[in-house]
Amino acid sequence: MKPKEPRGPIFQDTNFVFKEFDGIKLEQLVVCEEPETNEPITIYLKVENNNWHQYFLDAGLGFWQNWNEIDYDFDNYNYVDKTSSFGLFEKVIHKIWCEQDKNNSQIIIEFESNDKLVLKTINPEKFDSECELIKYI
């Protein structure tokens, strides 16, 4: 099967719904982290029968992109596979969306098991605050 062409930026907004992964199993989740603080900079997501997608928060907005691969060009960051530590391997995605969170945004992946993976700012009142990635059970 020939890999799909990268689509580049898909969403860049305070609110969006990404429906393409609804009902599909997650295969891998890799987090690009700032080494001193472990702040998640970019989240890379691989689901069955799809290439890599990435998402992140910046300047109060949520971003969703598809470049087909992990960008390891940022030598000063750590790339950590969180699939096992978050217990996400083969979890079926129910819904992915971005919503406004005070002066910022947050991106939520909800699984059919009702677990949620949330990328959000630590201090949503402070514009462009540092981020954290939390799994809610």
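Reply: Two strands are taken to pair if DSSP finds at least two bridges between them. On that basis, this predicted model contains an open sheet of five strands, arranged in the order β2-β8-β9-β10-β11 with antiparallel pairing. Its edge strands are β2 (16-18) and β11 (131-136), each of which pairs on one side only. From one strand to the next, the twist averages 15°. At one end of this order, β10 and β11 run antiparallel and are joined by six bridges. Within β11, Ile-134 is the residue that stands opposite Val-118.

A further open sheet has six strands in the order β1-β6-β5-β4-β3-β7, again with antiparallel pairing. Here the edges are formed by β1 (8-13) and β7, each pairing on one side only. Neighbouring strands of this sheet are turned by 20° against each other on average, if direction is ignored.

Six of its eight residues are buried, so β3 is largely enclosed by the rest of the structure. In the strand order, β3 stands between β4 and β7, and its pairing can be followed on both sides. Towards β4, the pairing is antiparallel and extends over seven bridges. Leu-26 stands opposite Val-47 of β4, while Gln-28 has Lys-46 of β4 as its bridge partner. The hairpin of β3 and β4 has six residues between the strands, and in this hairpin Asn-38 takes a positive phi near 65°. Towards β7 (residues 78-81), β3 pairs in the antiparallel sense over four bridges. In that pairing, Val-30 stands opposite Asp-81 of β7.

Two or more lining residues come from each of β4 (40-47), β5 (52-58), β9 (104-111) and β10 (116-121). Of these elements, β4 and β5 belong to the six-stranded sheet, whereas β9 and β10 belong to the five-stranded one.

The aromatic residues complete the picture. A pair of aromatic rings is described by the distance of the centres and the angle of the planes. With ring centres required to lie within 6.5 Å, the count comes to nine aromatic pairs. In one of them, the rings of Tyr-72 and Tyr-79 have their centres 4.7 Å apart and their planes at 55°, so this pair is tilted. Tyr-72 has a relative accessibility of 49% and therefore counts as partly exposed. Tyr-79, at 22% relative accessibility, likewise counts as partly exposed. Elsewhere, one aromatic cluster is formed by Phe-11, Phe-16, Phe-18, Phe-21, Tyr-55 and Trp-64.

Note on methods
Residues numbered from 1 in each chain as written. Predicted model: local features only at pLDDT ≥ 70, side-chain atom pairs only at ≥ 80, totals over all residues. Heavy atoms only, no water. Axes fitted to C-alpha atoms, helices over the stretch in contact; angles between N-to-C directions. Buried < 20%, exposed > 50% of the residue type's maximum accessible area, 1.4 Å probe, protein only. Phe/Tyr/Trp six-rings, centres within 6.5 Å; stacked < 30°, edge-to-face > 60°.
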